[in-house]
There are 2 protein chains.
Amino acid sequence: MKDQTDIPALMAEIGRRARAAAAELAFAAPEAKARALNAAADAVWSHRTDIVEANAQDMDYGRDKGLSDAMMDRLLLTEDRIKSICDGLRAIAAQDDPVGQVMAEWDRPSGLHIRRVRTPLGVVGVIYESRPNVTADAGALCLKAGNAVILRGGSESFHSSTAIHACLVEGLRAAGLPEDAIQLVPTRDRAAVSEMLAMTGFIDVIVPRGGKGLVGLVQREARVPVFAHLEGIVHVYLDKEADPVKALKVVMNAKTRRTGICGAAECLLIHREALDTVGQGVIRALLDAGVEVRGDGTLQAISGVRQATESDWGCEYLDMKIAAKVVDSIDDAIAHIRRYGSQHTDCIVTEDQDAADRFMTRLDSAILMHNASTQFADGGEFGMGAEIGIATGKMHARGPVGAEQLTSFKYLVTGDGTVRP
Amino acid sequence: MKDQTDIPALMAEIGRRARAAAAELAFAAPEAKARALNAAADAVWSHRTDIVEANAQDMDYGRDKGLSDAMMDRLLLTEDRIKSICDGLRAIAAQDDPVGQVMAEWDRPSGLHIRRVRTPLGVVGVIYESRPNVTADAGALCLKAGNAVILRGGSESFHSSTAIHACLVEGLRAAGLPEDAIQLVPTRDRAAVSEMLAMTGFIDVIVPRGGKGLVGLVQREARVPVFAHLEGIVHVYLDKEADPVKALKVVMNAKTRRTGICGAAECLLIHREALDTVGQGVIRALLDAGVEVRGDGTLQAISGVRQATESDWGCEYLDMKIAAKVVDSIDDAIAHIRRYGSQHTDCIVTEDQDAADRFMTRLDSAILMHNASTQFADGGEFGMGAEIGIATGKMHARGPVGAEQLTSFKYLVTGDGTVRP
């Protein structure tokens, strides 16, 4: 291993190795990749005690650093959670291999036969924060798609990630695949992140998973293409034709099922004409469930609703809080979402198909829901298997990013001495 | 119009207008977009005299600047070429509209119905060089895909592009679409290009079409995502099982049909065991056709072959020249292409299916040909209609980039008060 204080040299070495591994992985047999993932699951399970011990070191570090309870909970690994990691690895192993899939094929009058087939992207860089399970999920999904991956976990989860990574490498070795297919940056030095963002010669795409600090850094410094993963400023709009029962079910689930996930609702928009018939009941139920409702002027009439301020619009609480506002029309709702949303997931509750169509046509969120809870914004719920995150950008990948979205494609053209006139 | 010496202010104004137009275009009726393109074709044809006059100003400027004959030829607009521009506009008008197309749909056990539908990318920035017809092609393709576009043509074609752009705006007006849907940067100041490359708030993707100078600038400065269009360092490999007749037809067409296009062959690789049976005849034919052949040591035995130097490998001649080299195996050919190619288009000539599979699996060019001329690397020949170029990157778009590749997608999810357990 190189001198770890010379970060540019260290990262260039990691990049070179990743590139070399990617060239091999691009045509690795699907069975070998599946074998590596199953062997990695075996390794994680048999090393679970070591992993828990490594995690204890991280928990000590986190306590010294004064991490919040929520952060500490994300960091924690228990035997149950390690079991989930193993299950995740095996599930990805069992998925269809996307590489080489024929996406389309057609014949041309010239006599050519054209196939468009999936290929790996090459080298993926994943920059994430406290959750150590991302090490396994991201490593496995990238491998499944035939990519080499450079993982850069949060400094809080350093020991846990290192222990999990060792198991992934054990899996690669067992399957005869290059060990450099999944590399973990072996330093907590933050300069490594800046280096990754600029490694255009070695990394094909960066997947950032983290809070505003990381997103901002990526936006400022990235020279490598990025799959944007912004926050989920999720809106639910109750249309004037909203069904009261569906509205209640959807809003309560969207807000309270789990408040800490990116598909949790953060803002409720209510059509003025649905306020008495639907809105009041929904807000009452939210308050009764212990949700803090921050409403605009009109909603102050409902007892228990707090006054919203400008900073509540577009706020991602990830907590038992919701902003709420009365709008005069569906177009006002659309305008509000365009201004304050993050193009992640937004929902309309209505029985009016025209209104639903208008909402879904005029908004350009990665996921638009009609009469369904926004908490369904998840690769597993979409039937895609595991996901590396929910992309909010428009380029290449969008919505839940699974193995298939971690691929590119090429055209294979077959002739018989065919020439162009 | 803003003060044109304050480039940042000018470009921000153009960006704001494009963003506003894009929000309207995203749900413009397919018929309106088609009507705008047909009306633009009518306008181009009825203003053909003005366009030719504007072009004459550019030709004078080009002569003063000492442009090469090839560059002057690219710049020139004749009535015939203007007719082609009109035909191109009408062909794009007649294509299927990609926006709103359902790419996939499926049901989930939860009761959700999920549709993945095409959406526009938003605002596209096109930076190009001397060919004034790109103004019409790029403007039309972006409009078809529901994108607003900011066009920045070469300074040589400034007057021609301005005249063509006026006709596109006439078409937009006739169809009741926002005139800001297709904007042309109204200054030759190069600072406008740097500004575009950094306008992350206003431009979703940059499509650069030009030579090494532009590609280098884009690589250094772009903060906006880019559809990479590198040069076409196109290789043809004659395998040891190459059929002599197919080899001759394919190589002659790939090199000499048109030498100035990006799909023209630039390097010939010959398996040692096919040298006497296939290679010699092909090289003889190239020499007889007036192609300068720059060969490695072994090929010096053939009279008329010049000595290649290191700079010939990976060179894009775009001329009646070709580099040629003898290799010991298909893997040597693959290694050579990996090292010197540009992942644009590469070809194998062989009767051995295993060799063809190996070549097509192990190389990752955007287009791989088997027994077919590399001059087929073209959106029209692929059946995609017009193209804005051939992308050599791996992100989002690859190979010929037509209207469909200028789109993104979103997920539309329908339930019936469906909530997540």
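The structure is a predicted model, in which local features need pLDDT of at least 70 and side-chain atom pairs count only at pLDDT 80 or more, while totals for chains, interfaces and linings use all residues. Residues are numbered from 1 along each chain as its sequence is written, chains are lettered from A and ligands numbered from 1 in the order in which they are written, and side-chain values use heavy atoms, without hydrogens and water.

The interface comes first. Contact means heavy atoms within 4.5 Å. By this rule, 73 residues of chain A touch 73 residues of chain B. About 6000 Å² is buried between chain A and chain B. Carbon and sulfur atoms give 51% of that area. Buried area is the accessible area (1.4 Å probe) that two parts lose on being put together, summed over both. M395(A), Y411(A) and R420(A) supply 14% of the area that chain A buries against chain B, more than any other three residues.

Polar groups also meet here. A polar contact is a pair of N or O atoms within 3.5 Å; within protein, one must be able to donate a hydrogen and the other to accept it, and residues adjacent in sequence count only if both atoms are side-chain atoms. Across the interface of chain A and chain B, 53 residue pairs are in polar contact, with both residues at pLDDT 80 or more. Several elements of chain A give two or more residues to the side that touches chain B, among them helix 9 (212–221), helix 10 (244–256) and strand 16 (407–418). Helices (H or I, at least four residues) and strands (E, at least two) are DSSP runs, numbered from the N terminus. Strand 16 of chain A gives the largest share of this side, eleven residues. The residues of this side divide into 31 nonpolar, 21 polar and 21 charged. Ala, Val, Leu, Ile, Met, Phe, Trp, Tyr, Cys and Pro count as nonpolar; Asp, Glu, Lys and Arg count as charged; the others, Gly among them, count as polar.

Salt bridges were then searched for. Side chains of opposite charge can pair when their charged atoms come close. A salt bridge is a side-chain nitrogen of Lys or Arg within 4 Å of a carboxyl oxygen of Asp or Glu. Between chain A and chain B the count is four. In one salt bridge, the side chains of D416(B) and K246(A) meet at 2.4 Å, N to O. This pair crosses from strand 16 of chain B to helix 10 of chain A. K246(A) is buried, at 14% relative accessibility. Buried means under 20% relative accessible area, exposed over 50%, partly exposed in between (1.4 Å probe, protein chains only).

Within chain A, D328(A) and R272(A) form a salt bridge at 2.6 Å, N to O. Each residue lies in a loop, so the pair ties together parts that are 56 residues apart in sequence. D328(A) is partly exposed at 46%, and R272(A) is partly exposed at 41%. A network of salt bridges links E13(A), R16(A), R17(A) and D180(A).

Helix 1 of chain B (residues 7–25) has 19 residues. Its buried residues include I7(B), L10(B), E13(B) and L25(B). Helix 6 (133–144) and helix 8 (191–198) of chain B are among the elements that cover them. E13(B) forms a salt bridge with R17(B) at 3.0 Å, N to O. Both lie in helix 1 of chain B, four residues apart, about one turn of the helix. R17(B) is partly exposed, at 33% relative accessibility.

Technical notes: The expected span of a helix is 1.5 Å times one less than its number of residues.
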